[in-house]
Structures are given as C-alpha cells and as structure tokens.
Amino acid sequence: MRLNNLPQEFIDAKPVLDTIKEAGFEAYFVGGSVRDTLLGLKIHDVDIATSAYPEEIKHIFKKTVDTGIEHGTVMILDHGQGYETTTFRTESGYQDYRRPDKVTFVRSLKDDLKRRDLTINALALAADGEVIDLFDGLKDLQERRIKAVGNPNERFHEDALRMMRAIRFASQLNFEIEDATLAAIVQNAPLLAKIAVERINVEFVKLMLGKDVKKGLEPFITSGLYQYCPQFLKHQQDLKDLLKLNQITCENEEMCWTLLLFALHITKPAAFLKVWKVSNEMIRHVEKALTCLNDLKQEQLDALSMYHAGEKALKLALAVAKLYQPSLDKAHILADYQALPIKNKDELRLNGKILLQETNLKPGPQLGKILNEVERQVVIGQIKNEKTKLLQLAQQLNATK
Ligand code: ATP
Ligand code: MG
C-alpha cells in the first residue's frame, strides 16, 4: 500500500530519510505517527528507525544529540527540528518483566518491527509513502483490533507494561482487543505489579483521556489488571459502577483523577494520589474539586464552599458532576460563583496590616480568627466589602471575644 498525501510532518522529515539512504542505509518512519496517519488522526512526534548504527548516524549528520545512545537513539537536528532516530534493534532477557537485559543493534527492519508491542504499532512507512506491513497491522487497523505482535503471552511476559498499553489504545482508538491478546492479559495481569507506578500512571491517564474510555476500562476490570494497580484492589464494584455512566469524557488529567476518586469514594485523596506519584499541584486541585463535588452531591454547595474551592476546582467538580447528572445546570452554578462578592482573600478590603494600624488589636491567633470571620461574612453577603464597615465589624468581634 502506498500513501499519496503524507502529512506535512513527514514531508519535513523526508530529507533526513533521504540523506540516510544516500549514505547506503535503510530508514523508515515507525510507531505512533504511522498508525495515526493511517487512521486519519493528527500526528505529534515523528519517529525514525534505521539500519545505520548510532555512530554511523553521527558520522552522516553534523548536528546530533545523544538522547539515548545505549538504546540506539540519536536525535538529528535538521532545519531547527529534532528527529529521534533509533537503530533497528532486537531485545532479549527481560528477567524483570519490564526491561530487556540486552539490546542488540541489527540491520533488519523485520527484526525491529517484531519486538514492537502491537501489530498496529509495528508498521513502517518509507519516504516514498510505501507502507511496510509485515505483521498484518493494516488489517487490524481496518478491523479496529488491538493485537500483540507474535505470541501475546510471551510479549506480555517480556514487558508487562504492554498490557496497559493494549487497553489504553483500545480506549484511545475505540478498538476491540483480540481474544488471544485479552486471554494473555488475563494470564499475565499479576506481572503488572513489577512495573514502576510512574509508567502505569502514564498509560492509565491516557486510557482515561481516551475517546471511548469504556472500551479500555472494561477489559481493565474484567482481565483483573486493575488489581495490580496501586490502591484499586478493593474497588472492583466502584470501577464497574463507572461503566454505568452514559459517557466518560475527561477533558484533562485533573478531571480523570477527580472522577476516579469520586467514583471510588476515596476519603483521603492526597494519600491515594501520592501512591500514584501524582504531582503535589495536581493533588491540591483534585482535593478541592472533590470537596466541592461531595458538597454538590449532598446539596451543600453554597457560597462558602464555592469560594474555598475557587473557579478552577469548581469547574472541575461541575464537569465531573455532569457525567453523573447530564441535566445539571452548570451555567447557573457558575453564575452564582461569578456573583460572589469576593473571589479570594486579596479582594477583602481588610487585612492584618490594616487591622494592626487602625485598631488596637495585637498580632496573634485572635487577629486571624477575626479576619476569617470577616471574610466569611463578606462571602455569604452578610456585610458589604467596605473598609469602614469591615473595621467596625472587626472591632465588634474583638469586643465580644
Ligand atoms: P503515542 O501516540 O501515545 O506516542 P506510540 O505508539 O507512538 O503512541 P510510544 O510510547 O511513543 O507510543 O512508542 C513508539 C513505538 O515504540 C510504538 O508505536 C511501538 O512500536 C514501540 N513501543 C513503545 N513501547 C513499547 C513496549 N513497551 N514494547 C514494545 N514496543 C513498544
Ligand atoms: Mg509516540
């Protein structure tokens, strides 16, 4: 099969392939960009595989960076662009179920494609647009199938992360997992426990951000794979309940975690997310959104809880709530938020400094308490946000305490 209209990214990179070929080696586009082009999707990074060894690549091109030379990867810098170029290689060993003990550079494209995870990821594209399909990846693309290259059992045994990749592609592409591949996931699921959390996290988030999340989430649950992810063991029913949602559409990573923690009824979100190695900044947003979401569920979302959540967490909470209750009037709630007298402490016309200057209050916990009470009354609309009024209130509060 030959592709006629190559995306611009390939056209831009073509001179790199041509130069390698002129030096007497083979070079192809490989991986996700080939798969996505054939699916008519937008591509991001263009990966190149070549029969030239890293030293040979460095000899051919003046400007290169050793980005992963021990694995055969060299970045070629060409007209302001960087192209990751990896020497054809075979892998062996895999004694730890995640990484090959040995990488061997080879001259054969077929050997390189053979070590790849899925048939749809084992296609190569020549500079002239010819698609090299040695493992029936085109048929699987056409029939929307996730299938391991070669013996799935061996492939998952070599690298357990491939099981997570299989289900995340099912979700991203809205594909079905082929029977033997799924059976091998069931059989090898416990090996996922050997994989670093950070790598599982990446695949899980991609699954949750997919086009058809249920397509990935369902086999994730039924295969038992979920049990070998951090913290999921006791949550089979909660995860199954997620599948009952009409649609699972997450706009960003924060939303994935907020939805997940809400669905799993997690009461200590920070502890849960830390195990998943989620960043502290993300944890803060998710925590706030989750509080908001629980308030909403208990019909206790009021001015104060919206104020403490802030706009970002409120929007996150509403996006998740809408998955559970499609009729939810988000605009109405957001309008209530926008109408709050103040959105944060800086907008309060009173602060510690003013209090110290203009009253006889002394620094200490009492001052903090008074300020908090003033802030609360402004947020709920009990008093206008005017300096003289707030000072008066502060003095009253001080006198009664
Ligand atoms: P994405 O669009 O998410 O980047 P991708 O298929 O390009 O998808 P990458 O992680 O960028 O995924 O990997 C590039 C290619 O390397 C894959 O298409 C696949 O051929 C191969 N590959 C990646 N990870 C593995 C793995 N764990 N085992 C075997 N082959 C892999
Ligand atoms: Mg990629």
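D159 counts as buried, because its relative accessibility is 12% (buried means under 20% relative accessible area, with a 1.4 Å probe and protein chains only). This is a predicted model, in which local features need pLDDT of at least 70. Residues are numbered from 1 along each chain as its sequence is written.

D159 sits in the loop between α6 (152–158) and α7 (161–173), while R168 belongs to helix α7 itself. Helices here are DSSP runs of H or I with at least four residues, numbered from the N terminus. The table sets out both residues; contact means heavy atoms within 4.5 Å, and neighbours within four places in sequence are left aside.

Elsewhere, two helices pack against each other. Helix α15 (residues 303–324) and helix α18 (residues 365–379) have axes 9 Å apart, at an angle of about 115 degrees. The two are therefore roughly perpendicular, a label for angles of 65 to 115 degrees. Axes are lines fitted to C-alpha atoms over the stretch in contact, and angles run from 0 to 180 degrees between N-to-C directions. A303, L304 and Y307 of α15 make the contact with E375, R376 and V379 of α18.

Technical notes: Chains are lettered from A and ligands numbered from 1 in the order in which they are written. This is a predicted model: local features need pLDDT of at least 70, side-chain atom pairs count only at pLDDT 80 or more; totals for chains, interfaces and linings use all residues. Side-chain values use heavy atoms; hydrogens and water are left out. Buried means under 20% relative accessible area, exposed over 50%, partly exposed in between (1.4 Å probe, protein chains only). Angles under 35 degrees count as roughly parallel, over 145 as roughly antiparallel, 65 to 115 as roughly perpendicular and the rest as oblique.
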